[in-house]
Amino acid sequence: MIRFEKVTKTYPGQARAALEQVSVDIEKGDFVFLVGASGSGKSTFLRLVLREYRPSQGKVYVAGKEINRLASWKVPRLRRQIGTVFQDFRLLQNKTVSENVGFALQVIGKNKSYVDEIVPETLELVGLEGKGDRFPDELSGGEQQRVAIARAFVNRPMILIADEPTGNLDPNTSVGIMKLLDRINRTGTTVLMATHDAGIVDQMRKRVIQLEDGRVVRDQSGGVYGHQN
Ligand SMILES: Nc1ncnc2c1ncn2[C@@H]1O[C@H](COP(=O)(O)OP(=O)(O)OP(=O)(O)O)[C@@H](O)[C@H]1O
């Protein structure tokens, strides 16, 4: 589903590469934690998957396509197949929960009757049934993150990318969010999550890819946050 072949990314004007010779293969339906210290290259990795950047060297494949070679007009279609969730939720404050989730479908041209059917279903899936008419500032942080996940998942993307999704949440709320991501993963969606949250990684026991100074130093299934030899 996602394949990096000897990928190096050096930002313009930087002497050191943000990612260096990274090769990984993530299968459809995998759940992967991307861990590493601040500046180790996690966000760069995620942004290469979204083709926000192109590699300086090497190849990035998503769903069998080498995405650095995609024509620019095909990039929006690639990104529609990848849901994204961030630490700071990024909800539209002047729209209700339902509108935030439905908006993602409207912009890709889905008709109103489809949106009216699928949005409540998706809100139920994330545990927000009955809250569709609330505005984001009327929700807890955990609930806002559920809205963001519903929005990311409403068009059933192949891949869900989560960049520190529990970074602003307390430990109990974080566990709920992880259970939800796990449920989404079990529908067949590949989940790729960058995190500093050792407790979550240790609890979930999924595949762990660890970056250090832009290099993969560990790729372990059923791993924990810290090194385990
Ligand atoms: N747009 C940019 N221009 C120049 N250098 C950048 C840019 N974005 C990131 N870098 C550098 O690339 C390296 C990797 O950064 P990256 O953001 O990928 O790390 P990270 O692991 O996601 O860190 P964090 O956990 O703090 O988000 C760092 O040295 C950073 O300073």
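Predicted model: local features only at pLDDT ≥ 70, side-chain atom pairs only at ≥ 80, totals over all residues.
The protein as a whole contains seven helices and 10 strands. Its C-alpha atoms occupy a box of roughly 50 × 40 × 30 Å along the principal axes. The radius of gyration is 18 Å. A compact globule of 229 residues would have a value near 17 Å, so the two agree. Buried residues make up 38% of the 229. Contacts were also examined by separation along the chain. Among contacts with a separation of 6 or more, 67% join residues 24 or more positions apart.

Strand 3 covers residues 31–35. The strand is mostly covered, with five of its five residues buried. Its side chains point two ways. Phe31, Phe33 and Val35 point one way from the strand. Val32 and Leu34 point the other way. Residues of both groups are buried.

Strand 3 also has pairing partners. Strand 8, residues 190–194, pairs with strand 3 in the parallel sense over four bridges. Here valine 32 has leucine 192 as its bridge partner. Strand 9, residues 207–212, also runs parallel to strand 3 and is joined to it by four bridges.

How values were computed: Residues numbered from 1 in each chain as written. Helix = DSSP H or I, 4+ residues; strand = E, 2+ residues; numbered from the N terminus. Rg over C-alpha atoms; globule rule 2.2 N^0.38 Å. Buried ≥ 20, exposed ≤ 12 C-beta atoms within 10 Å, placed from the backbone. Contact = placed C-beta atoms within 7 Å. Pairing = 2+ DSSP bridges.
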